[in-house]
Amino acid sequence: MKKIMLVFGTRPEAIKMCPLILEMKNRPEVKCVVCLTGQHREMLDQVNGLFGITADYDLNIMQKGQSLADITSKVLQGLDKVIDKEKPEMVVIGLPRNMDGTYGFRCDKCKELGKLLKDEINIPIEYEDERLTTVIAHDILSGNNVKGKKRKENVDAVSAVVILQSFIDKRKK
């Protein structure tokens, strides 16, 4: 059984990750470990509650007036303890490349985080291209005759499933 840890802390991340967590929990070949960082506490709790997600770990890092360096340090220290206990086989980081395949600001930040994590925890870091997942999700929903507001409500959930399936399919080869 593969142990995969998902780490998130903001509302937009939760909207993408919660459907992915639900999908992973339905797969017997995967043990899903949920770790929250807690940057958007109230909104994060709302989204997790809506999906019925309970975290295995909550780093609860936010304090008033802290710098980006403080936040990064707390995340790395907290993750170090969780990873030491859980011993996941790898960490998967979504890579939001530009449509032409180049790396933009967000992509660079994800790579920087991956390097920091690899240096800190010494386990494999993998990146999963997120570029076309929303387009694919819209196609899937359209093919199932899901329209309008219902499509908008479900596109992030379907995108998350597409990312997970792509990751799993690559590992089967």
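Me: At what angle do the axes of helix α1 and helix α2 cross, and within what distance do they come?

Reply: This is a predicted model. In it, the axes of α1 (residues 11–25) and α2 (residues 41–51) cross at roughly 20 degrees and come within 9 Å.

Me: Why are α1 and α2 called roughly parallel?

Reply: The cut-off for that term is an angle under 35 degrees. The crossing angle is roughly 20 degrees. The two helices are therefore roughly parallel to each other. Their crossing is right-handed.

Me: Which residues of α1 and α2 meet?

Reply: From α1 come Arg11, Ala14, Ile15, Cys18, Pro19 and Leu22. They meet Met43, Leu44, Val47, Asn48 and Phe51 of α2. By class, this contact has 9 nonpolar, 1 polar and 1 charged residues.

Me: Which residues make the contact of α3 with α4?

Reply: α3 brings Thr72, Leu76, Leu79, Asp80 and Ile83. α4 brings Leu116, Leu117, Glu120 and Ile121. The classes are 6 nonpolar, 1 polar and 2 charged residues.

Me: What makes β1 and β3 edge strands of the sheet?

Reply: The open sheet has 3 strands in the order β1-β2-β3, with parallel pairing. β1 (2–8) and β3 (57–58) each have a single partner strand, so one side of each has no neighbour in the sheet.

Me: How do you know that β1 and β2 pair?

Reply: Pairing needs at least two bridges. Here 7 bridges join β1 to β2 (residues 30–36), and the two strands run parallel. Phe8 stands opposite Leu36 in β2.

Me: How do you know that the chain agrees with a compact globule?

Reply: For 173 residues, a compact globule would have a radius of gyration near 16 Å. The protein chain has 16 Å, which agrees. Its C-alpha atoms fill a box of roughly 45 × 40 × 35 Å along the principal axes.

Me: How many helices and strands does the protein chain have?

Reply: There are 6 helices and 5 strands. Along the sequence they follow the pattern β-α-β-α-β-α-β-α-β-α-α.

Methods
Residues numbered from 1 in each chain as written. Predicted model: local features only at pLDDT ≥ 70, side-chain atom pairs only at ≥ 80, totals over all residues. Heavy atoms only, no water. Axes fitted to C-alpha atoms, helices over the stretch in contact; angles between N-to-C directions. Helix = DSSP H or I, 4+ residues; strand = E, 2+ residues; numbered from the N terminus. Parallel < 35°, antiparallel > 145°, perpendicular 65-115°, else oblique. Left-handed = near helix turned anticlockwise from the far one by under 90°. Contact = heavy atoms within 4.5 Å. Nonpolar A, V, L, I, M, F, W, Y, C, P; charged D, E, K, R; others polar. Rg over C-alpha atoms; globule rule 2.2 N^0.38 Å.
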